[in-house]
Amino acid sequence: SGRARVNDVLARHNQALKALRVALAAVDHLANLDDAASGTRCRRLEESLPKAESYMHVLAQHLVHGLQSLRGVHVVGLDGEFDEPFSYDSVERIPRVSFMVAGLDAATVGRRLVANNVIAQVVPLEDSALLDQMGVAEQGGAVCVAMSPHNTAYDVDHLVRVVAGLV
């Protein structure tokens, strides 16, 4: 009927508007990564996007510090026995953090994170020779979290709180 078609068109229109609002919020977030950027949204994006990488590294460092503060959490590649002091900045890296929780396999940790709306990847042991060489397989795998420009410090704090609930 004509009325059903009108209602269908209106429903699709409302879905499209909602998607546009979400996209606009994401663009605004990116445009506001640089507090010093000013002007139009386009101009702020031009100034802010080059700073996205450093923003993601700041978040990754925040995650590393939060996880290292928890007893029973091991940050892969940063915790352990090293001849010299070792930190997040000791080597060039991507803003991705892998960790293990003592006494829990990675799948269990991953399920808890997902149940709390945290997106993380459980690395299948056969998929990473590097992690295997680092002893991850012996501990039941690792959980990996990658930062993106859309993450916030609140997201990182939430992740740390969820992991803290496991230890």
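A: In this predicted model, the buried residues of helix α6 are V156, L159, V160, V162 and V163. Around the axis they cover an arc of only 160°, which puts them on the same side of α6. An α-helix has 3.6 residues a turn, so residues three or four places apart point the same way. Helix α6 comprises residues 153–164, 12 residues in all, which at 1.5 Å a residue should span 16 Å; the C-alpha atoms at its ends are 16 Å apart, in agreement with that value.

The buried residues of α6 pack against α3, β1, β2, α4 (106–115) and β4. Three of these partners, β1, β2 and β4, belong to an open sheet of four strands, whose order is β1-β2-β4-β3 and whose pairing is antiparallel. At the edges stand β1 (73–75) and β3 (121–123); each has a single partner strand, so one side of each is left without a neighbour in the sheet. From one strand to the next, the twist averages 35°. Three bridges join β3 to β4 (residues 142–146) in the antiparallel sense, and among the paired positions V122 has V143 in β4 as its bridge partner. Helix α3 (residues 52–68), itself a partner of α6, packs on this sheet and touches β1, β2 (96–101) and β4. The direction of α3 makes about 15° with that of β2.

The chain beyond the helix can be followed next. V167 lies in the segment after α6. Leaving aside neighbours within four places in sequence, V167 is in contact with L70, R71, V73 and V101. The C-alpha atoms of V167 and G72 are separated by 6.4 Å, although these residues are 95 residues apart along the chain.

Two packed helices are described by the angle between their axes and the distance between the axes. For helix α1 (residues 2–31) and helix α2 (residues 41–48), the axes come within 8 Å and cross at roughly 55°; α1 and α2 are therefore oblique to each other. On the α1 side of this contact are L24, V27, D28, L30 and A31, which meet R41, R44, L45 and S48 in α2.

Definitions and conventions. Residues are numbered from 1 along each chain as its sequence is written. This is a predicted model: local features need pLDDT of at least 70, side-chain atom pairs count only at pLDDT 80 or more; totals for chains, interfaces and linings use all residues. Side-chain values use heavy atoms; hydrogens and water are left out. Two strands pair if DSSP finds at least two bridges between them. Helices (H or I, at least four residues) and strands (E, at least two) are DSSP runs, numbered from the N terminus. Axes are lines fitted to C-alpha atoms, for helices over the stretch in contact, and angles run from 0 to 180 degrees between N-to-C directions. Contact means heavy atoms within 4.5 Å. The expected span of a helix is 1.5 Å times one less than its number of residues. Buried means under 20% relative accessible area, exposed over 50%, partly exposed in between (1.4 Å probe, protein chains only). The arc is that of the directions from the helix axis to the C-beta atoms. Angles under 35 degrees count as roughly parallel, over 145 as roughly antiparallel, 65 to 115 as roughly perpendicular and the rest as oblique.
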